[in-house]
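Colleague: Please pick the helical part of this model and go through it closely, with its surroundings. I would like the cut-offs stated as you go.

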Amino acid sequence: MKSQLASLEIHYLVEELQQLANAKIDSIYHPEKEDLYIVIYVPGKGKKVLRYFLGSFLYLTSKKAPSTAVSEFCSTLRRQLKNGNIKSIKQVESERIVEIAIDDKKLMIELFAKGNVILINNKNEILTALHFRKYKD
């Protein structure tokens, strides 16, 4: 069984996700440590749910996330992104990273190794991340 998407697969995934351009962030759920659900309202199509399974998969679904207590990370994302408009969705070069531009912020989704979700502002400063990692260098 496949556990991660290849760069070429992410290219085609991003093409499919273009239907979310100019849509509005409705809500965000983080029911488990490795799951993130972003509910998006697409004009003329209704609500879509973008599900990210940490480091492995990113896809559209109609299934809503189970309601649970709100994590600090989820709360920060909601505060920063709720009612935000999706400006663009693209793959960062040929990397396994999807960049979603929402108003003046960017949500970076890593689809490799252990994965991560990072929210940055227009000055490329990190506002929040699911996991902060420190490296020797």
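**The helices and their surroundings**

Modeller: In helix H1 (residues 7-17), the buried residues include Ile 10, Leu 13, Val 14 and Leu 17. These residues lie on the same side of H1, because they cover an arc of only 100° around the axis. The arc is taken over the directions from the helix axis to the C-beta atoms. Buried means under 20% relative accessible area, exposed means over 50%, and partly exposed is in between, with a 1.4 Å probe and protein chains only. Helices (H or I, at least four residues) and strands (E, at least two) are DSSP runs, numbered from the N terminus. An α-helix has 3.6 residues a turn, so residues three or four places apart point the same way.

This is a predicted model, in which local features need pLDDT of at least 70 and side-chain atom pairs count only at pLDDT 80 or more, while totals for chains, interfaces and linings use all residues. Residues are numbered from 1 along each chain as its sequence is written, and side-chain values use heavy atoms, with hydrogens and water left out.

Leaving aside neighbours within four places in sequence, Ser 7 is in contact (heavy atoms within 4.5 Å) with Gln 91, Ser 94, Glu 95 and Arg 96. From C-alpha to C-alpha, Ser 7 and Ser 94 are 6.2 Å apart, although 87 residues separate them in sequence.

The loop between E5 and E6 also holds Glu 93. Its phi is positive, near 45°, in a residue other than glycine. Glu 93 is exposed, since its relative accessible area is 70%.

In H2, the buried residues include Phe 73, Cys 74, Thr 76, Leu 77 and Leu 81. They sit on the same side of H2, because the arc they cover around the axis is only 160°. On the other side of H2, Glu 72 and Arg 79 are exposed. The cover over the buried residues of H2 includes strand E1 (24-29), E2, E6, strand E7 (105-110), E8 and E9. Just after H2, Asn 83 takes a positive phi of about 65°, although it is not a glycine. Asn 83 is in the loop between helix H2 (72-81) and E5, and it counts as partly exposed because its relative accessibility is 45%.

Cys 74 is also one of the residues that line the largest cavity, together with Tyr 29, His 30, Thr 68, Ala 69, Val 70 and Arg 78. On a 1 Å grid over the protein atoms alone, a cavity is a set of points where a 1.4 Å probe fits but cannot get out; a pocket is an open set with protein on both sides within 12 Å along at least five of seven lines; lining residues have an atom within 4 Å of a point. A search of the whole structure finds one cavity of 30 Å³ or more, and the volume of the largest cavity is about 30 Å³. Grid points are joined across faces, edges and corners, and a volume is the space filled by probe spheres set on the points. The lining of this cavity has four nonpolar residues, two polar and one charged. Ala, Val, Leu, Ile, Met, Phe, Trp, Tyr, Cys and Pro count as nonpolar, Asp, Glu, Lys and Arg as charged, and the others, Gly among them, as polar.

Leaving aside neighbours within four places in sequence, Asp 35 is in contact with Tyr 29, His 30, Arg 51, Tyr 52 and Phe 53. Asp 35 is in strand E2 (residues 35-42) and is buried, because its relative accessible area is 5%. Its side chain makes a polar contact with the side chain of Arg 51, at 2.9 Å. A polar contact is a pair of N or O atoms within 3.5 Å; within protein, one must be able to donate a hydrogen and the other to accept it, and residues adjacent in sequence count only if both atoms are side-chain atoms.
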